[in-house]
Amino acid sequence: MEAWIIILAIIVVVALFVIGIYNGLVGRRNRVDEALAQIEVQLKRRHDLIPNLVNAVKGYMGFEQQVLTAVTEARANAVSAGAKGVAAQAEAENMLTSTLRSLFAVVENYPELKANQNVLDLQEQLTTTENQISFSRQHYNATVLDYNNGIQTFPNVIFAGMFGFTKRDFFDAEPEASNVPNVDLSLS
Amino acid sequence: MAEQTFYAQQSANRRNSVLLALIVVALLAVLGFTIGFALTGDPVGAAITTGIAVFVGFLVSVGSYFGGDRLVLAASGAKPVDETTAPQLINVVREMTIAANVPMPNVYLIDDTAPNAFATGRDPEHASVAITTGLLQKLDREELQGVIGHELSHVRNLDIRFALLVGVMVGSVALLSDFFLRFTFWGGGGRRSRDRDGGGGLQAVMFVLALVLAILAPIAARLVQLAVSRQREYLADASSVELTRNPAGLERALAKIATDQEVLEVANRATQHLYFTNPIKKFEERSTSMFATHPAIVDRINRLRVLTGERPLDPHDVAALADLT
């Protein structure tokens, strides 16, 4: 009789322990999803802004049409990469970021573009979206690190696979991001 | 590590806010009792003034906790702005809220050419950030990011709550002391002699004590205000750089503000500790003294330069400071 009570108690304790681990992992995974959703909102906003910018500058730019083509292509790639997973998406978005940088650099050479209020507004909106993406990416990567640590450390690792928790990818910053030459986009 | 400093700072601010509220009540009680005894000459009268002082102190504390931010904003002439009226400012604030992981605060502009900024509120959900039009005009985007990062660090660390209560403490202690000093000066003493003779000696002692307290208490209260705010400024600068990952922006912003000659007209002694840099410029010149609410700007710049491994500036080298801008 007493033996049964002890066994029952052990089962209950183990069950509570496993429930605790499971709930903790679900919480972390939800934070990762939420952080990714936040990035996606901003990526979408950037994708929507780019055609406006391209249209606004198209008429002024004579020789650098290939810069505009590069931006448009990079945007199309980034939009379609949305369905291919975080790693592919990050790569396409980084490509888009660098083409945008070269577009902004070219805009600097056109005084009439730099004086165009519409272009300035679009440039400011793209700059802020860009910054929001990079801050959200930091946040997302931090939540991914926390979640991956959660599913790979003992004892969680025993149950993580069982419950279908799989490792998530980081939204990688561009390799050279830490020392990019600072293109001055300030409007002052 | 950074996470730990920020959580530690948050809980320290929660604890210190409660502690400070208790100290304010105790200080007001002592002041109220001695002043009451000095004026009426009997313990019942003293008990009544003590009660009034504590009650008023309590009311003012609760009032400032819930409405102090609106009061400070109104006193500074701050006007709310949104995407249409100040798009770049709102954008920069939104970027930094993502980095600091705090809700979007209310954003205000103060119509003043002196570049400065402050944050206020009781917690991150009820926070406001105000900057002057001078700051918006004189700083570029990266510099603005540094300043907003600094202000949002105050919000995230709950420095804003503590600063509100500090303002109340300094204000109410000064108010009570002023009241007593003026009262005795304008012939409060005449009524004393009409009172019963009992306790005359004690009353005289209390009178002197009240006089001394009325003079010393506001000074002591100000020293607390000053000491607690300087350390926070260094921490908020470091947190700002951690958020923007761009020490150069904040460094340039500080250098620009240090070399700016304008004086912020809307700031006063009760609100000066809230600002990004000390708004009362004359004071700033000898700000290494005990009476400064802010560290000298050169000190702040040098702490940032140490972070990035650059050579610190000579505090007396004005040209080097101007070169940074």
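What percentage of the 325 residues of chain B count as buried? The figure is 46%, where a residue is buried if 20 or more other C-beta atoms, placed from the backbone, lie within 10 Å of its own.

Before I continue, a word on the source. This is a predicted model, in which local features need pLDDT of at least 70, side-chain atom pairs count only at pLDDT 80 or more, and totals for chains, interfaces and linings use all residues. Residues are numbered from 1 along each chain as its sequence is written, while chains are lettered from A and ligands numbered from 1 in the order in which they are written.

I stay with chain B. Its secondary structure comprises eleven helices and four strands; these are DSSP runs numbered from the N terminus, helices being H or I with at least four residues and strands E with at least two. Of the contacts in chain B between residues at least 6 apart in sequence, 72% join residues at least 24 apart. Here, contact requires that the C-beta atoms of two residues, placed from the backbone, lie within 7 Å.

Please look now at strand S4 of chain B, residues 127-132. Six of its six residues are buried, so S4(B) is largely enclosed by the rest of the structure.

S4(B) has two pairings to show, pairing being assigned if DSSP finds at least two bridges between two strands. With strand S2 of chain B, residues 106-110, S4(B) pairs in the parallel sense over five bridges, and B:Ile110 stands opposite B:Thr132. With strand S3 of chain B, residues 117-121, the sense is antiparallel, over five bridges, and B:Gly121 faces B:Ala127. A hairpin of five residues links S3(B) to S4(B).

I turn to chain A. Helix H1 (residues 2-58) and helix H5 (residues 117-152) have axes that come within 8 Å and cross at roughly 160°. The axes are lines fitted to C-alpha atoms over the stretch in contact, with angles from 0 to 180 degrees between N-to-C directions. The crossing angle makes H1(A) roughly antiparallel to H5(A), a term for angles over 145 degrees. The residues of this contact comprise 18 nonpolar, twelve polar and seven charged. Nonpolar covers Ala, Val, Leu, Ile, Met, Phe, Trp, Tyr, Cys and Pro; charged covers Asp, Glu, Lys and Arg; the others, Gly among them, are polar.

Finally, the two chains meet: nine residues of chain A are in contact with eleven of chain B. The chain A side divides into one nonpolar, seven polar and one charged.

Conventions:
Angles under 35 degrees count as roughly parallel, over 145 as roughly antiparallel, 65 to 115 as roughly perpendicular and the rest as oblique. A residue is buried if 20 or more other C-beta atoms lie within 10 Å of its own, exposed if 12 or fewer, and partly exposed in between; C-beta atoms are placed from the backbone.
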